[in-house]
Amino acid sequence: MIIVLATVAGVLITSRKEWAGSGPPVPTMPRTRTPARPLAAAGLALPLLLTACGTGGSAASGPSPSAPAEPTPASDVREVAASTPRLALTHDGGVRILDATTLETVADLPLAGFNRLNAAGDGRHLLVSTQGGFRVLDAGTWTEPHGDHSHHYTSAPRLTDVLHPAEEPGHVVAHDGHTALFDDGTGEVVVLDSDRVAAGADGARRLTTPSPHHGVAVALEDGTLVVSEGDEDERTGIRVLDAAGAEVASSVGCPGVHGEAVAADDAVVIGCEDGALVYAGGQVREVQSPDAYGRIGNQAGSESSAVVLGDYKTDPDAELERPTRVALVDTRTAQLRLVDLPASYSFRSLASGEDGEALVLGTDGALHVIDPESGTLERSVPVVAPWEEPLEWQQPRPTLHVLDGTAYVTEPATGQVHAVDVLTGEVWRSADVGVIPNELAGVDGGDTGSGHED
């Protein structure tokens, strides 16, 4: 039975019950080429509760789509000649902000506890998974369009007072101008326009899964929402909802659902313990691993490639498996290819280049570059000293993040960050950061949509 309740903020749709991170001249940072940027399956236990354009969550709100709830003091704002990408890295006691070109420290923001970093999707802000929810961090770099040109600004980074509440803040996925937050403690999903994340949760689209679980949600440009299904004991599949909340596709053939990536043409890949699921063209297809247990749990994708990079593990009983193969999932054919590497890697070792390159940071200290179409290991670039993955996933280990054509790699053993040109393999900058880096993320300081007309 379907019950439709009209509300002031939107429409509440449910069918049955609710479902649900002084020296030599400073070189200009290299950049790569910029890429051109059915019926539900039977057998799913419980459907999803969706509130379209609902209001709630954080009480904070801002004056413009890209502005934080507390406007940056005018005296702190500085106009600069070009966009200024910045990096953020967590450490024991806070979050350190670096200039992504010079690798110099811009700010160190105290924040106790183990914190995780997530892209907010607007080129300026990050979401910090911390106690109480997802806290908005203003990296202090942005661009505003002005007719036929743009103006670029910087300010001091700061942790804002905007908090998107969550009992157990989980995955954040920013894509196609939408940012989806998943609360593992309640099963609640909040979807916001990416340029409104720093302004609070007014106007957010909300839904709740029937059972809390370590889940994920991906919002696409047309309003389609891909959401995991599961409970505290197991995760079994996904559901796909259209903009109105109606289920248009689903699958229960994905044990141990974990991780996501979006490829070219809005194809979504979700990891499973026996392969992956691909949602594309209105259909969900199952990608089978060649091993009975062939787990893909972490992925990296790019709008420049139809192929998604994933980790690949085959020992369900390992305390910590250190795999030496990665998976390439072709979203056009729903086929999986395995690639052998000369070393193992960790879940923070995967990234996608701007041209779709599959990048893996190995425990041999090299950045391995794989052609996603052929599966050929094109080159291996030495970056850091050989390392071993720690048993506890929260412990620091070399971490990879790609921003504006550069692969940034942390080296906790030396307290350094290295910058590698993805196209040439040149390690063009290294710097001591003064702390032991853990998680790593970045913003490009690009256009956030808050222009002026005078």
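A disulfide is a pair of cysteine sulfur atoms within 2.5 Å. The exercises below apply this cut-off and a few others to a predicted model.

**Exercise 1. The disulfide**

Determine how many disulfides the structure holds, and describe the link and its surroundings.

*Solution.* 
Step 1. Under the 2.5 Å cut-off, the count comes to 1 disulfide.
Step 2. The partners are Cys 254 and Cys 272, whose sulfur atoms are 1.9 Å apart.
Step 3. The angle about the S-S bond is -105°, and the link of Cys 254 and Cys 272 is left-handed.
Step 4. Cys 254 belongs to the loop between β21 (247-251) and β22 (258-262), while Cys 272 belongs to strand β23 (residues 268-272); the pair therefore ties together parts that are 18 residues apart in sequence.
Step 5. Buried means under 20% relative accessible area. Cys 254 counts as buried because its relative accessibility is 0%, and Cys 272 counts as buried because its relative accessibility is 0%.

**Exercise 2. Strand content and the setting of β27**

*Solution.* 

**Exercise 3. Salt bridges**

Give the number of salt bridges, and examine the pairs formed by Glu 439, Glu 229 and Arg 397.

*Solution.* 
Step 1. Side chains of opposite charge can pair when their charged atoms come close. The cut-off applied between a side-chain nitrogen and a carboxyl oxygen is 4 Å.
Step 2. The structure holds 11 salt bridges.
Step 3. One of them joins the side chains of Glu 439 and Arg 116, at 2.6 Å from N to O. Glu 439 lies in the loop between β37 (427-432) and β38 (440-443) and Arg 116 in strand β8 (residues 116-119), so this pair ties together parts that are 323 residues apart in sequence.
Step 4. Glu 439 is buried at 5% relative accessibility, whereas Arg 116 is partly exposed, with a relative accessible area of 29%.
Step 5. Glu 229 forms a salt bridge with Arg 239, and their closest N and O atoms are 3.3 Å apart. This pair links Glu 229 in strand β19 (residues 225-230) to Arg 239 in strand β20 (residues 235-241), 10 residues apart.
Step 6. Glu 229 is buried, with a relative accessible area of 9%, and Arg 239 counts as buried at 2% relative accessibility.
Step 7. The side chains of Arg 397 and Glu 389 meet in a salt bridge at 3.6 Å, N to O. Both Arg 397 and Glu 389 are buried.
Step 8. Salt bridges with shared partners join Arg 116, Arg 348 and Glu 439 into one network.

**Exercise 4. Burial and the nonpolar cores**

Find the extent of burial in the protein chain, and describe the largest nonpolar core.

*Solution.* 
Step 1. Of the 454 residues of the protein chain, 57% count as buried.
Step 2. The accessible surface of the chain is about 18400 Å², and carbon and sulfur atoms account for 50% of this surface.
Step 3. The largest nonpolar core has 27 residues, among which Val 326, Val 360 and Ile 370 touch the most other members.
Step 4. Two or more residues of this core come from each of β24 (275-280), β27, β28, β29 (335-340), β30 (345-352) and β31 (358-362). Strand β28 gives the most, with 4 residues.
Step 5. With neighbours within four places in sequence left aside, the contacts of Ile 370 include Val 326, Leu 328, Val 339, Leu 341 and Val 360.
Step 6. A second, separate core has 17 residues, including Val 226, Ile 238, Val 262 and Leu 277.

Notes
Residues numbered from 1 in each chain as written. Predicted model: local features only at pLDDT ≥ 70, side-chain atom pairs only at ≥ 80, totals over all residues. Heavy atoms only, no water. Buried < 20%, exposed > 50% of the residue type's maximum accessible area, 1.4 Å probe, protein only. Areas by Shrake-Rupley, 256 points an atom, 1.4 Å probe, with all protein chains shown as cover. Core = buried A, V, L, I, M, F, W, Y, C linked by side-chain atoms within 4.5 Å. Contact = heavy atoms within 4.5 Å.
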